[in-house]
Amino acid sequence: MGDKRLLEGNVAICWGAISAGCQAFFGYPITPQNEIIEFCAREFPKMGKVFVQAQSELGSINMLYGALASGARAMTGTSGPGWSLMQETISAMVNAELPAVIVDVQRGGPGGQPIRHAQQDFSHCTRGGGSGDYKNIVLTPASAQECCDFVQLAFHLAAKYRNPVIVMSDAIIGQTRELVNVEKLDFGPIPNSDWAATGRGRHKDGKSRFVEHAAGFSPRYPSYGAFLVQLSRKIALMEENEVRHECYRTDDAELVVVAYGYTSRVSREAVNRAREEGLRVGLIRVLTAWPFPHEVIGQTARKGCRILVVEDSLGQMVDDVRCAVAGLTEIHLVGILDRHLPTDGGMILPDKVFDKIRAIMVDKDHTPCPGKR
Amino acid sequence: MPWEEVIQIMKNVMERPALLKSADKLPLAFCPGCQNPTVGRLIAEVLEEMKAGEKAVGCLGIGCSSFIGFMLDVDLINGPHGRAPDLATGAKRMYPDNLVFTVQGDGDLLSIGAESLMGALARSEKITIIMINNTVYGTTGGQAAPTSLVGQMTATTPRGKDAAEFGYPVHAAEMIATFKGVAYSARGAVNTFANFMSTRKYVRTAFEQQQEGAGLTFVEILTPCPTNWHMSPVKSLTWLGETLIQEYPLGEFKNARS
């Protein structure tokens with residue numbers, strides 16, 4: 001049974017984690033993620049759950065490593081610069097096959113750029129950032145409700161693939177208060193964690209466990225090559241099974257907007273306005289930044305639809321869209337330079353997206369992104 | 001010396017602790033004359049004596065120190081370079097009744113891992129940190145560590161460690177003893193049987209005080225690195241006994257019990 005509450009996206013993430021049976025949170029203060037760490041500090045101990053404020057994001061991600069290696073369901077939350085600090089350990093977690101859930105509430109960059117919201121971690125989250133070959137599933141909620149639901153999905157997927165899963169929201173989604181139906185989602189049984197280092201006395205077989213990130217050197221796999229084969233299979237499985245997207249009014253569309261997170265809601269409003277004016281516009285909402293919905297976007301391009309990417313950055317998701325479209329159609333961008341205030345703050349508003357749609361479809365005076373067509 | 005004590009010592013020397021993995025399951029990780037495996041044996045003996053093998057979780061970083069952990073037939077967690085205090089924090093918080101310890105080198109703990117160490121000390125994390133001090137980075141080929149002596153020749157101080165440029169050796173056991181949240185801090189060595197036995201006692205006290213929840217406990221252990229000191233195993237033991245112990249005096253620097 002659900003339970004409707006008025007929650008900020010960040011707090012909805014915490015309730016989602018609780019619904020998913022999260023036992024521990026390790027974090028370090030960083031804006032715009034602070035609602036998560038403060039909620040966990042306040043509520044987790046009351047529920048018998050573990051909360052630790054780490055000395056840094058290096059600390060929080062490695063404490064998470066230690067807790068996951070002990071078989072716990074646990075997570076951490078951060079934002080851009082903290083996310084950067086975590087990369088070495090995320091790479092190690094992939095090797096160690098640890099089911100980490102990491103929330104990145106995006107903010108602007110490069111560098112510090114404190115408290116300016118943006119969607120600039122797309123490439124960083126989807127391309128790894130740590131060393132070596134690896135991929136993480138990246139879920140992109142666009143509402144407080146999805147924050148609550150996607151974090152539960154993240155716990156499920158992390159355990160299913162024994163691989164880190166990222167929930168990538170942004171400051172607008174994280175700090176907007178909305179009605180949320182807090183409901184425990186059932187994704188099936190939780191795989192056992194008999195591999196975890198909980199102390200030899202807790203293992204039925206009485207044998208010691210060794211959780212390490214040196215597959216091939218350790219006896220976990222017969223060789224490094226065998227580990228890479230297994231890793232490539234895992235990546236292929238995730239690509240096959242975990243692509244998520246949502247099509248909105250795309251059936252007869254001549255222009256399709258591609259967006260995720262807060263800009264996907266902005267885009268939806270713009271699409272509705274365009275439809276009112278008789279313009280055939282649709283929206284593909286990206287729910288997994290990796291694995292990216294290349295196929296549906298490719299089909300759209302093959303139908304001859306033009307594409308408008310809306311993301312609050314200089315254009316990062318555009319790269320994936322470019323791959324999907326394979327030169328078959330024009331790609332336009334509404335990006336961070338299109339915010340309603342050209343200075344420090346501002347956000348991409350529906351008006352701007354609508355104006356661009358008109359410019360592309362009616363006035364035909366919008367320059368597409370270079371490198372296509 | 002009473003006969004029973006002699007027998008006990010002989011037993012300690014001759015019998016193989018059950019918590020040591022059998023040698024055929026281990027990658028050959030140590031150079032001739034290295035005393036890291038002696039430390040491995042020491043830890044195994046103490047855990048066995050305390051009947052703590054079932055509850056022990058060892059957390060390891062990167063370097064020759066981590067190979068010590070590989071010897072132990074207890075649950076182990078190996079993570080990135082320098083982060084074992086964080087791993088141990090996660091492991092201990094999930095299972096507070098486990099005996100959670102790290103085995104780290106001087107570079108792993110005091111250089112790249114210094115912020116993890118600081119965090120654990122500040123939080124008074126109920127873990128035991130065992131640090132091997134051989135004054136160099138062993139695995140990577142004998143580069144200077146924060147513990148290298150002034151004048152010491154290493155791969156990155158080929159003209160000898162110049163204090164004006166590189167500073168002075170870091171005295172971990174003394175520094176750690178100054179923290180309020182620390183229950184126990186000691187420095188030992190395993191170069192002689194007497195030192196082995198004292199260090200054994202230090203490690204046992206550290207483990208016991210962790211189980212009592214007294215605070216963070218720390219033991220530093222001096223070991224020779226003949227390969228990177230460019231000395232024979234015998235010469236390296238002499239240098240350790242005569243020179244290194246001058247810089248790094250052995251003993252307890254803090255004991256919550258006394």
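**Terms and their grounds**

Reply: The axes of helix α3 (residues 57-69) of chain A and helix α6 (residues 114-123) of chain B come within 10 Å and cross at roughly 80 degrees. Axes are lines fitted to C-alpha atoms, for helices over the stretch in contact, with angles from 0 to 180 degrees between N-to-C directions. This is a predicted model, in which local features need pLDDT of at least 70, side-chain atom pairs count only at pLDDT 80 or more, and totals for chains, interfaces and linings use all residues. Residues are numbered from 1 along each chain as its sequence is written, and chains are lettered from A in the order in which they are written.

Me: Why are α3(A) and α6(B) called roughly perpendicular?

Reply: Angles of 65 to 115 degrees count as roughly perpendicular (under 35 roughly parallel, over 145 roughly antiparallel, the rest oblique). The crossing is at roughly 80 degrees, and the pair is therefore roughly perpendicular.

Me: Which residues make the contact of α3(A) with α6(B)?

Reply: L58(A), G59(A) and N62(A) meet E115(B), S116(B) and G119(B); contact requires C-beta atoms, placed from the backbone, within 7 Å.

Me: What makes helix α4 (residues 84-94) of chain B largely enclosed?

Reply: A residue is buried if 20 or more other C-beta atoms lie within 10 Å of its own (exposed: 12 or fewer; partly exposed: in between). Eleven of the eleven residues of α4(B) are buried, so the helix is largely enclosed by the rest of the structure. Among them are L87(B), K92(B) and R93(B).

Me: What percentage of chain A is buried?

Reply: Buried residues make up 54% of its 373 residues.

Key. Helices (H or I, at least four residues) and strands (E, at least two) are DSSP runs, numbered from the N terminus. Two residues are in contact if their C-beta atoms, placed from the backbone, lie within 7 Å.
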